[in-house]
Amino acid sequence: MRKLSYFILSGLLLAGMISCNNGSKGDKKKGALGSNAAEKVYVAPGEYDEYYAFVSGGFSGQLSVYGLPSGRLFKVIPVFSQDAEKAWGYNEETKPMLNTSHGFIPWDDSHHPDISQTNGVVDGRWVFINGNNTPRIAKIDLTTFETTEIIEIPNSAGNHSSSFVTENTEYVVAGTRFSVPIPQRDISIKEYKGNFKGTLSFISVDPEDGGMDLKFQIMMPGFDYDLAHPGRGASHGWFFFSTYNTEEASTLMEVNSSQNDKDFIAAVNWKKAEEYIKQGKGKMMPAKYAHNVYDEKTHMATSTMKDQVLMLDASELPELVYLLPTPKSPHGCDVDPTGEYIVGNGKLSANLTVHSFTKMLAAIEAEKFEGDAYGIPILSFEDVLAGVVEQAGLGPLHTEFDGKGNGYTTFFISSEVVKWKVGTWEVIDRAPCYYSVGHLMIPGGNSREPFGDYVLAMNKITKDRYLPTGPEVTQSAQLYDIRGDKMELLLDFPTVGEPHYAAGIRADIVMKNSKKIFKLEENEHPYAITNEGETKVTRNGNEVHIYMSTIRSHFNPDNIEGVKVGDKVYFHVTNLEQDYDVPHGISMIGANTSELLIMPGQTETFVWEPKQVGVWPFYCTDFCSALHQEMQGYVRVSPASSSIELSWSLGED
Amino acid sequence: MKKSNWVMILGSILILGLFLFPLWNIRLEAPQYPIPLGMDIYINDFADEHPHDIKNINLMNHYVGMKYIPETIPEFKIFPTVIIVMFVLGLLIGIKGNYKWFMTWFIVMIVLAAAGIYDFYLWESDYGHDLDPKAIMKFTNPDGSIMGFQPPLFGSKDILNFRAHSYPQLGAYFLALGIAASFVAYILGRKEQRKT
């Protein structure tokens with residue numbers, strides 16, 4: 001009842017604020033309650049969901065895997081943040097994944113996942129996601145659901161307009177939010193104008209193994225680059241970035257970067273960029289950035305520091321970039337499934353601006369420019385405008401499409417999703433969000449062929465929607481059924497971290513490729529063993545290497561003597577199991593690190609530096625079998641001066 | 001050549017199917033194994049029905065003290081030799097012999113097949129009953145005797161949390177068809193003899 005009254009109250013307030021809001025929201029709420037929403041999200045025990053949703057964790061730095069329509073959480077894939085549960089960033093194998101030009105960084109802010117595409121359709125091979133704070137792009141392999149590559153982006157700061165793929169995954173594209181001095185140097189912040197620059201980065205993706213390479217960057221004026229989306233179909237070969245702070249302010253941004261009536265959407269012709277590169281128009285410039293690759297065969301990551309990047313200057317190279325005036329600090333920059341319409345979600349406006357790709361090309365052809373910004377031509381607003389969704393709500397942020405001719409836009413301030421018709425620009429339906437929705441996601445939404453069944457709204461505020469948990473309450477997502485004429489709210493579900501954005505795909509495309517085990521015979525880890533006969537302990541100075549195996553339900557060896565205080569003891573643990581869903585874990589008392597969680601056929605390593613004489617136990621941390629509790633062992637630690645030789649055993653009395 | 005001779009030749013060729021297809025399959029089902037564990041028994045090999053099944057059967061069975069399924073057994077040398085010899089003999093009889101020889105071959109094959117099945121039973125019985133005295137888990141029957149874990153020779157049976165199935169496979173059907181063909185050859189041969 002309280003909810004309902006809140007609802008009506010907010011409805012009335014909105015009705016007062018926006019003329020097109022006819023106060024029909026109250027009826028819809030009743031409609032949702034009166035429907036069979038529960039049935040629509042119920043996935044019976046043992047049944048599978050229709051869709052995978054890869055939901056970013058925002059400030060958690062990770063990527064969560066949910067099922068839709070049930071909203072059930074399957075896995076939190078560690079990406080940019082250490083995860084003690086899975087030893088990500090703790091074990092010796094994955095520490096290099098979090099290396100950067102600034103050294104090891106245990107955290108980042110993960111924002112925009114995007115699924116790889118072939119011919120403009122999501123293919124379910126990889127998910128890419130950006131780290132915002134220390135600019136990085138990660139690739140998650142959907143055969144293992146693990147992060148297998150992270151590349152740092154130089155000349156970038158606040159890697160926000162990322163990571164979106166072109167229609168054949170030629171590139172995963174990243175843009176800088178902050179403009180900074182390029183190259184970095186010691187200058188006054190007051191010298192921002194003209195000295196600070198932005199870059200847009202094009203990272204190629206190898207069609208076979210997915211290997212990423214920072215192919216080139218485009219040097220841009222010192223704006224803030226907010227979001228981006230690729231052209232598709234006819235506009236394939238172009239990439240569109242929204243900008244704000246075209247004022248080039250550097251302080252009290254909330255006021256000073258909100259002064260211009262229009263900012264820009266930057267249209268980047270990346271095919272043209274490729275031509276310029278062929279002609280040798282790019283310039284190699286020094287840059288320092290880490291490229292970290294995890295090898296599934298060695299089960300280890302290596303980090304390589306790169307020292308240069310190919311730069312194209314948009315101010316010097318004509319026909320590379322055009323600027324499309326777009327009202328009011330556009331946030332989301334979204335392209336419809338046909339590739340014709342580019343939506344600028346002007347977050348300080350009540351209207352949605354839609355540009356036409358065809359009109360843009362015509363204006364360029366006719367050279368109808370209004371002026372330029374640092375040599376980059378500015379087209380006229382009227383020349384490129386396709387239409388305006390008038391007074392649709394307050395604070396438009398993001399738009400996705402259902403592939404049936406409709407756009408769905410989130411409005412942060414008026415806290416709702418609004419459905420509108422592409423071409424006629426009329427508002428068809430609206431549904432409230434609880435509360436203050438940011439991104440929304442339709443599975444396959446950033447492609448030529450969205451699966452237009454559901455929309456997932458990701459909210460910034462939950463307040464009273466769940467049982468309270470002190471001052472910090474859960475974040476949440478909301479699922480709407482969009483198969484009918486009216487959107488229908490089906491489900492609220494809590495999320496890990498901030499559900500910033502998500503990417504979705506039909507489950508059958510992905511699940512058939514999901515690996516069950518790692519093959520032991522393919523394990524190329526330098527400290528791997530393939531059978532229990534190969535277990536051993538070796539010493540090299542004060543380094544002790546234990547080649548240990550796990551199989552139900554014992555460690556081999558499980559009694560080790562001859563370790564001394566001051567030794568650095570490496571536990572290289574190979575899980576000899578070759579059965580689905582039989583991981584083993586291991587943890588050592590007093591080890592200054594996390595447990596290991598080792599999948600069948602995998603080898604992982606943790607380091608223990610014993611500081612006290614005694615006999616210290618270790619045990620299996622994953623309930624592996626009926627004799628899990630017996631899966632344990634001892635290491636004897638002798639004084640540093642001891643002359644006890646290394647010995648190891650299993651089952652000897 | 002008479003029709004009966006052709007049938008006899010066909011019968012002896014059919015038994016070579018044993019070299020192409022498994023003879024028998026033992027499969028273990030349990031709730032934790034939505035894809036059951038299975039072992040295909042060939043005339044010369046134990047093979048995984050799905051990758052790593054035998055390793056995982058061994059891992060399961062070690063809890064109750066059962067021995068690992070061996071990589072190889074003497075039968076894997078004896079059985080193929082016997083089949084090759086019987087094939088050659090069958091072929092020779094088919095070309096040269098008459099219906100009386102067909103009957104002899106048929107009887108010898110029946111005896112050999114029975115011996116094979118008995119041998120299989122002995123192995124199964126040993127596998128199911130010769131348990132490690134230090135077994136992790138020991139189970140007793142209601143009468144106090146030590147519980148065995150012998151899979152059924154033919155058919156299905158519950159063994160603790162598993163349901164075990166033991167059934168002939170394509171190789172066995174080829175063998176049966178081959179043996180049946182020699183009997184048909186005998187009947188045909190006898191009829192042909194009477195006509196002449």
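Domain bounds come from an automatic or database domain assignment, and on that basis chain A is divided into domain 1 (35–511) and domain 2 (520–649). This is a predicted model, in which local features need pLDDT of at least 70 and side-chain atom pairs count only at pLDDT 80 or more, while totals for chains, interfaces and linings use all residues. Residues are numbered from 1 along each chain as its sequence is written, and side-chain values use heavy atoms, with hydrogens and water left out.

**Interface between the domains**

- Taken over C-alpha atoms, the centres of domain 1 of chain A and domain 2 of chain A are separated by 43 Å, and the contact (heavy atoms within 4.5 Å) takes 13 residues from domain 1 and 17 residues from domain 2.
- The two domains of chain A bury about 1,200 Å² between them, 51% of it on carbon and sulfur atoms, where buried area is the accessible area (1.4 Å probe) that two parts lose on being put together, summed over both.

**Salt bridge**

- The rule finds one salt bridge across the interface of domain 1 and domain 2 of chain A, a salt bridge being a side-chain nitrogen of Lys or Arg within 4 Å of a carboxyl oxygen of Asp or Glu.
- A salt bridge joins the side chains of A:K297 and A:E522, at 3.8 Å from N to O.

**Surroundings of A:V180**

- A:V180 counts as buried because its relative accessibility is 12%, the cut-off for buried being under 20% relative accessible area (1.4 Å probe, protein chains only).
- Leaving aside residues up to four places away in sequence, A:V180 touches A:A157, A:N195, A:F196 and A:K197, and the C-alpha atoms of A:V180 and A:K197, 17 residues apart along the chain, are separated by 5.5 Å.

Note on methods. Chains are lettered from A and ligands numbered from 1 in the order in which they are written. Buried means under 20% relative accessible area, exposed over 50%, partly exposed in between (1.4 Å probe, protein chains only).
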